[in-house]
Amino acid sequence: MKVSIISENCIGCGQCEATCSDVFKIEDDGVAHVVGEVKDENKEDVEMAADGCPTSAINVENA
Ligand code: SF4
C-alpha cells in the first residue's frame, strides 16, 4: 500500500496524526506529511485516517 498527502487539500487538522502517528505528522509548514512506512501493523489505521480526513487529502493506493 502506498500513501501520499495532497498538500494543497490539507487543512492541518491533525486527525491523521492522531489516528496513526507512525505514518502521519503535521510539520512546521502546517500540513501533514508521510513520515513512516505503511506496514501490516498500521495499515488499518492508515485507512481509517484516510477515510476520516475531512478534505480527502490522503491518497491511498493499494498495490
Ligand atoms: S486529516 Fe487530512 S486535512 Fe487533517 S491534517 Fe491529515 S491530511 Fe490534513
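Predicted model: local features only at pLDDT ≥ 70, side-chain atom pairs only at ≥ 80, totals over all residues.

**Loop residues**

I began with Asp40, which counts as exposed because 7 other C-beta atoms lie within 10 Å; the rule I used calls a residue buried if 20 or more other C-beta atoms lie within 10 Å of its own, exposed if 12 or fewer, and partly exposed in between, with C-beta atoms placed from the backbone. Residues are numbered from 1 along each chain as its sequence is written.

I placed Asp40 in the loop between S3 and helix H2 (43–52), where helices (H or I, at least four residues) and strands (E, at least two) are DSSP runs numbered from the N terminus. From Asp40 I went to Asp29, which is 11 residues away along the chain, and found 29 Å between their C-alpha atoms.

Asp29 sits in the loop between S2 and strand S3 (32–34), and it counts as exposed because it has 10 C-beta neighbours inside 10 Å. I then looked up Gly12, which is 17 residues from Asp29 in sequence and 9.2 Å from it in space, C-alpha to C-alpha.

Gly30 is also placed in the loop between S2 and S3, and it too counts as exposed, with 10 C-beta neighbours inside 10 Å. Between the C-alpha atoms of Gly30 and Gly14, which are 16 residues apart along the chain, I noted 9.5 Å.

**The whole chain**

I listed 2 helices and 4 strands in the protein chain, and read their order from the N terminus on as β-α-β-β-α-β. The C-alpha trace spans about 30 × 20 × 15 Å along its principal axes.

Of the 63 residues, 19% count as buried. I also noted that residues 24 or more positions apart account for 56% of the contacts with a separation of 6 or more, two residues being in contact if their C-beta atoms, placed from the backbone, lie within 7 Å.

**Core and ligand**

Which residues make up the largest nonpolar core? I found 12 residues in all, among them Val3, Cys10, Cys16, Phe24, Cys53 and Ile58; such a core is a set of buried Ala, Val, Leu, Ile, Met, Phe, Trp, Tyr and Cys residues joined through C-beta atoms within 7 Å. Not counting residues up to four places away in sequence, Cys10 touches Ile5, Val31, Ala32, Thr55 and Ala57.

Turning to the ligand, I found 16 residues around it, the closest being Cys10, Cys13, Gln15, Cys16 and Cys53; a residue is near a molecule if its C-beta atom, placed from the backbone, lies within 6 Å of it. Helix H1 (15–19) and strand S2 (24–26) are the elements that give two or more residues to this shell.
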